[in-house]
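Open the structure in your viewer and keep the selection tool at hand. The stops below go from the whole chain to single residues.

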Amino acid sequence: MVSPTGWSHDGNLPMELTGFVGRTRLLATITRHLTEQRLVTVTGIGGVGKSRTALRVAHEVRSCFPDGVWYVDLSRLQDAGMVPQAVVSALGLGDTHRPELDVLAEWAADRRLLLVLDACEHLVAECARLVEELLSRCSGLRVLVTSRQSLGVPGEHTVPVPPMALPGDDPEESPYDNESVRLFAERARAVVPDFTVDESNIEIVCDLCRRLDGIPLAIELAAVRLRTLSLRQMLSLLTDRFSLLTGASRTALPRHRTLRAAIGWSHELCEPGERLLWARASIFAGDFDLEAARRVCAGDGLPEERIVDLLTGLVEKSILLCTPGAATVRYRLIDTLREYGLEWLRELGEIDRIRARHRDHFLWLAERAEEAWSGPQQLDWFLRVRRERDNFRSALDFCLSDPAEVPAGLRMMSSLWFLWAACGFTREGRTLLERAIAAAKPSKERCKALWVLSYVRSAQGDIHGAIEAAEECERQALLVGDHHAIILAAKMLGTAALLQNNLPQAQAYLGVAIELYQGGRELNPGLLPAIVEQALVLHHQGSHADAEELLEDCRQLCEERGEKWLLSHALWAIALTQRATGRIAEAVTNAKESMRIKRVMHDVFGVLMAMGTLAALAVDQGDAERAAMLLGATEANWRRYGSVPRLVVDDRERCVKECQKALGEEVFRRTFDAGARMTVEEAIAFAVHDIPPRPTGRHARV
C-alpha cells in the first residue's frame with residue numbers, strides 16, 4: 001500500500017542524491033542561527049549551492065524536530081496565489097475550503113517542526129506574507145528559506161552562501177584539502193572512476209577551480225567534461241572562452257557571468273541534438289518521463305528514436321537529473337539550467353510551439369487517465385497524474401493566455417475530475433477549474449467543467465457552492481444542447497441534497513440521473529456514484545435490505561472491473577446497512593477495508609466519513625474510549641478539510657452523548673482531545689490497525 005504524501009509525523013525531506021563536500025563552517029553557521037532564530041534565509045547567486053546547503057542542514061538537524069522537517073519546492077510554481085496551497089500539499093494536509101493559512105497555523109500550532117521553503121526568489125512577497133503569519137501564530141515553528149534575495153520579514157536572519165573557498169585563499173591549507181578541489185575530484189571520479197588529484201595535475205585543477213570562481217554548479221559541469229577532454233584541454237578552452245566573453249582581464253569577470261560562461265561552455269560541448277533537447281525539455285514544469293519527452297520534444301530536427309540516447313547524454317553531462325522510480329525514470333533540469341534552456345528556446349523561436357505541444361501531451365494524458373479510471377490500473381493512474389500536477393498547471397497557464405486555447409484547458413481540468421474530487425486535491429482543483437470557467441464562453445466544455453466544480457465543492461462541504469455550479473451547468477447545458485451534462489447536473493444536485501440530509505430531493509434527482517443513465521457505458525463519475533448515493537438514501541429512510549441489495553450489485557461490478565475508489569464507497573455504505581441490522585463485526589470489517597482503500601487514494605472526505613462510522617461502531621461494541629479518540633480525530637480533521645456533512649451530524653451527536661455518559665465528561669474530553677491531536681495517518685493507523693499514536697513532540701527543544 002502506498003502511503004499518501006505527508007500524512008505522518010516524519011516530514012517529507014528528500015534524499016541527498018550526491019555526497020556533500022566542504023562548507024563545514026557555513027553549515028555550522030546556518031545551524032547555529034537556526035537554533036537562535038526562528039527564520040533563517042540562505043541567499044546567493046544561482047548555482048552557488050543554496051538548495052543543496054539547506055538540504056544538508058535540514059538532514060543534520062532533523063532529529064531536533066520531533067514533528068518533522070517539511071520541504072516545499074517552489075521553483076516550478078508561477079502563481080503567487082498558490083504558495084499557501086503548495087505548503088498545504090507538501091505537508092500532506094489535503095485540500096480544504098478554509099483559508100490555507102488558518103489550516104497551516106492550526107496544524108502547526110502545538111508542533112515543533114522545521115519548514116524548508118526552497119527557491120522563493122520569484123515569489124518573495126507571498127512567501128514573506130505566509131512566513132510572517134505562520135511564525136506569529138506557531139511558537140514551535142522554525143523556517144529555513146532559500147532565495148536569491150531575503151524576504152524582508154521582521155526577525156529574519158540572512159546567511160549568504162559564497163562560492164567555495166579557492167586554492168590559495170588560506171595559505172596554511174594544503175591545495176588537496178581545498179573544498180573546490182575536493183568537489184571537482186569527487187564529481188570527476190563519478191565519470192572517470194580512476195581519476196585522482198596528485199602532483200601531476202594539482203596545479204591545473206587548482207587553476208580550473210579559480211577560473212570557475214569556486215561556483216559549485218560550474219565546477220560540477222566542468223568535471224563532467226573529463227569524459228571527453230583532458231585537464232589541459234579543459235583549461236585551455238575555459239581560458240579562451242572567458243577571454244572572449246569579457247574582453248578584459250580575468251579578474252573583471254563577475255561571478256554570475258562566470259556561471260553563465262560555464263553553462264554556455266557546457267552547452268557548446270553538447271552535440272546539436274542534445275542542445276535542442278535541452279532547450280525543449282526546459283518547457284516542463286517539474287520533472288518528466290520518457291513518454292513526455294518523446295511526445296513534446298521529438299520532431300523537427302529531433303528524431304523520436306534518438307530521444308533515449310540524447311536524454312542519456314544529458315544525464316551523463318549533469319545537465320539533467322535522473323531519478324529512477326517504481327514505474328518509470330523521471331528527469332529534471334535544475335532551475336539555473338532550465339532558465340538557460342528557455343532562453344535558447346526563445347532564441348530558436350520555438351517557445352509557443354513547444355508550449356502547445358506540452359499542453360497537447362498533458363491534455364492527452366488527462367483524457368487517457370479519465371478513460372482508464374474505472375479499470376484495474378486505477379491506482380497507477382492516480383499516482384501518475386498526481387506526479388504531473390506542476391505540468392498540468394503550466395499547461396493550463398498556456399491555455400488561459402489565449403482565448404482560442406481556453407476550451408482545451410477546460411477539457412484538461414475537467415478530465416482530471418477524479419484527482420480533484422476523489423483524491424484529496426479539492427482546493428487545487430477548485431482554484432484551477434474556477435480560473436478556467438471564468439475565462440470561457442458557454443460550451444459543452446464549460447458545462448463539463450461546471451459539474452466537475454460542483455463535485456469538488458461537495459467534497460469540500462461547500463454545498464451552496466455545489467448547487468450553484470450544478471444549476472449553472474444545467475442552464476448552460478440546455479442552452480448548448482448538452483444532454484449528458486444535464487444528467488450529470490441532476491446527479492450533482494442529488495449529491496448536494498443527500499449531504500444536506502434532504503432525502504426526498506436527493507431521491508428525486510438521483511432517480512432521474514440513474515434512469516437516464518440506464519444502458520449507458522459510463523460508470524464513473526455518473527452511474528455508480530449515483531447508485532451508491534441512492535442506496536444511502538434508502539438506508540437513511542430505513543429500507544436497509546433494498547439499500548444493501550443495490551450496494552452488493554455495485555460491489556460486484558467494481559470488483560469485476562478492478563474499480564477501487566467506488567468500491568470503497570460501496571463498502572462504507574454496506575457497513576452502514578450492516579450496523580443498522582445489528583451485524584457489527586461485519587460492519588467493522590467493511591468500514592476498515594473502505595478506509596484502507598481511501599487512504600491509498602488520498603480520499604480525505606471518504607476517510608473521514610469512514611472514520612466517523614468506525615467511531616459509531618466502537619460505541620456499539622461498548623468501547624467508549626476508542627470511540628472518543630476516533631471522534632476527536634474526525635472532528636479535528638473535518639475542521640481542517642471541510643464542513644461536517646449534515647447527513648452524519650445527528651449520528652455523531654448521539655455518539656458523543658453516549659461516550660460522555662460512559663466515560664464522564666472529564667475523561668471524555670481528555671480522550672477526545674488526544675484523538676484531535678492525531679495526524680490523519682495516525683488516526684487511520686489507530687482506526688484500522690489499533691496502533692496508538694506516538695507522543696507529540698511539541699515540548700521538545702531545538
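A residue counts as buried under 20% relative accessible area, as exposed over 50%, and as partly exposed in between, with a 1.4 Å probe and protein chains only. The model is predicted: local features need pLDDT of at least 70, side-chain atom pairs count only at pLDDT 80 or more, and totals for chains, interfaces and linings use all residues. Residues are numbered from 1 along each chain as its sequence is written, and side-chain values use heavy atoms, with hydrogens and water left out.

**The whole chain**

Start with everything selected and a cartoon view. The chain has 33 helices and eight strands; these are DSSP runs (helices H or I, at least four residues; strands E, at least two), numbered from the N terminus. Its radius of gyration is 28 Å, close to the 27 Å that the globule rule gives for 702 residues, so the chain is as compact as a globular protein of that length. That radius is taken over C-alpha atoms, and the rule is 2.2 Å times the number of residues to the power 0.38. Along the principal axes, the C-alpha trace spans about 90 × 60 × 45 Å.

Now colour by burial. Of the 702 residues, 58% count as buried. A contact means heavy atoms within 4.5 Å. Among the contacts with a separation of 6 or more, 74% are between residues 24 or more positions apart.

**Helix α8 and the residues around it**

Select residues 216–224, which form helix α8. How many of the nine residues of this helix are buried? Eight are, so α8 is largely enclosed by the rest of the structure. The buried ones are P216, L217, A218, I219, L221, A222, A223 and V224.

Next select R187, in helix α6 (residues 179–191). R187 is buried, at 13% relative accessible area. Leaving out residues up to four places away in sequence, R187 touches T18, G19, V21, E220 and A223. Of these, A223 is one of the buried residues of α8. Show the backbone of G19 as well: its oxygen lies 3.1 Å from a polar atom of the R187 side chain.

Move on to K317, in the loop between α13 and β7. Is K317 buried or exposed? K317 is buried, with a relative accessible area of 14%. Beyond four places in sequence, K317 touches L221, V224, R225, L269, C270 and E274. Two of those names, L221 and V224, are on the list of buried α8 residues. The side chains of K317 and E274 are joined by a polar contact of 3.0 Å. Such a contact is a pair of N or O atoms within 3.5 Å; within protein, one must be able to donate a hydrogen and the other to accept it, and residues adjacent in sequence count only if both atoms are side-chain atoms.

**Two residues with positive phi**

Select S318, in the loop between α13 (307–316) and β7 (320–324). Its phi is near 65°, a positive value in a residue other than glycine. S318 counts as partly exposed, at 32% relative accessibility.

Then go to D690, in the segment after α33 (680–689). D690 also has a positive phi, near 60°, and is a residue other than glycine. With a relative accessible area of 46%, D690 is partly exposed.

**W565**

Select W565 in helix α27 (residues 565–580). This tryptophan is buried, with a relative accessible area of 4%. Which residues is W565 in contact with, leaving aside neighbours within four places in sequence? They are W373, Q378, W417, A422, Y455, N524, M601 and D603.

Select G632 in helix α30 (residues 624–641). G632 is buried, at 0% relative accessibility. Apart from residues up to four places away in sequence, G632 touches F672, G675 and A676.

The last stop is L91, in the loop between α3 (83–90) and α4 (100–108). L91 is buried, with a relative accessible area of 3%. How far from L91 is R475, C-alpha to C-alpha? The two are 384 residues apart along the chain and separated by 39 Å.
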